[in-house]
Amino acid sequence: MPKALEGIRILEWTQFMNGSVYMLGDLGAEVIHIEDREKGDAARGMSAMWGDSILLPGGRNVLFESSNRSKKSITLDLKKAKGKEVLYRLVARSQVFVHNYRPEVAQRLGLSYDALTKHNPKLLYVVASGLGTQGPFKDFRAFDPLTQAMSGLMLSMGDRDDPEPVLAAGAISDCVGAAMTAFAVTTVLLIQERLGISQEVQVSQLSSALSCLMLGQLSITMWQGRPRARHSRKRARNPLANFYRCGDNKWIMLSEAQSDRFWLEFCDVLGLEGVAHDPSFTTALKRRENYAELINILEKVFATKPREEWVNLFLQRKVRFAWAPILNPNEVASHPQVLENKYIVEMEHPTLGKIKSVACPLRLTKTPATYDLPPP
């Protein structure tokens with residue numbers, strides 16, 4: 001059975017994570033990662049910033065390894081004519097060129113859209129910038145924290161009563177930028193197949209964060225004139241859309257918008273028979289008016305059992321109201337919901353042996369993703 005993107009060759013001239021199209025490699029594309037002749041991808045040296053905590057056996061590091069599987073690699077000195085010659089020969093035999101450098105850098109090195117299409121008129125050219133190629137910040141070296149700052153994300157997370165910004169761990173805007181770059185590649189490939197058009201497409205970390213992470217918040221802001229307030233656990237007007245600490249200091253999340261529909265079931269499972277018919281709480285409007293009292297009741301109830309007991313109880317009773325445990329990354333990687341859906345896969349690594357890795361998010365029934373190539 002052929003792989004989904006078999007026969008597609010993508011040249012990826014990128015550093016760090018934004019613009020990485022490893023997921024297309026999972027789906028069968030030949031992704032050739034072009035690195036600096038002496039230093040390689042800058043992500044290989046991130047231990048200089050983050051210290052030994054990111055190092056793996058064999059001198060590798062987590063940040064590079066996590067976004068460079070399913071690729072081949074070549075080192076080229078693109079400041080020299082010989083390096084450019086090799087690249088131009090590759091361009092002539094490739095369908096897509098992806099980079100995350102400033103347009104001025106690509107222009108100076110002879111790697112602009114106009115320059116490369118002289119060697120391959122059908123080449124699809126994808127620019128994965130940081131904050132965009134126009135505007136006063138276009139020349140910024142944009143990293144994940146800067147995108148979180150510029151997108152509004154940092155002031156949309158956290159508790160309403162704490163005015164400090166919150167920085168999410170895990171390079172989330174880098175990850176979403178990589179995903180949207182992969183989307184850009186598959187889109188222009190489809191357009192070329194349908195319409196015969198070759199073109200340049202631009203996507204940025206900032207545009208990806210706005211459209212994927214901040215769409216709801218920005219829509220509310222633009223259409224209603226003000227952003228939705230940060231969540232406040234102590235002031236949640238719908239206590240059935242809030243999170244609570246359990247008896248073992250772990251947390252559980254409720255997210256029930258239809259609280260009237262499930263109110264009696266909710267009270268029955270939690271053993272709140274007296275509360276169920278209390279006139280102060282019988283409707284969503286009443287619960288909104290008396291939220292502080294109800295939150296206080298629910299905090300005390302959830303504190304009576306460890307989280308696992310609540311999880312088992314909810315599963316056994318097959319409750320219909322919306323809930324989920326709040327998991328830390330260790331718990332996510334071993335949770336049966338994640339494992340049974342194959343969201344974590346095993347692959348062979350040259351220095352780590354058999355390792356677990358986050359799977360390609362697409363689950364194709366006839367041309368599934370494969371994980372044959374470890375990071376180069």
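Predicted model: local features only at pLDDT ≥ 70, side-chain atom pairs only at ≥ 80, totals over all residues.
Residues are numbered from 1 along each chain as its sequence is written, and side-chain values use heavy atoms, without hydrogens and water.

The largest pocket holds about 1,700 Å³ of space. A pocket is an open set of points on a 1 Å grid over the protein atoms alone, where a 1.4 Å probe fits, with protein on both sides within 12 Å along at least five of seven lines; lining residues have an atom within 4 Å of a point. Its volume is the space filled by probe spheres set on the points. Of its 46 lining residues, M17, V62, L63, S66 and G170 are closest to the centre. The lining comprises 35 nonpolar, six polar and five charged residues, with Gly counted as polar, Tyr and Cys among the nonpolar, and Asp, Glu, Lys and Arg as charged.

The second largest pocket has a volume of about 1,100 Å³. Among its 42 lining residues, W13, Q15, N100, Y101 and V105 lie closest to the centre. This lining divides into 16 nonpolar, 11 polar and 15 charged residues.

Q217 is found in helix α10 (residues 215–224), helices being DSSP runs of H or I with at least four residues. A polar atom of the Q217 side chain lies 3.0 Å from the backbone nitrogen of R228.

How values were computed
Helix = DSSP H or I, 4+ residues; strand = E, 2+ residues; numbered from the N terminus. Polar contact = N/O pair within 3.5 Å; in protein donor to acceptor, adjacent residues only side chain to side chain.
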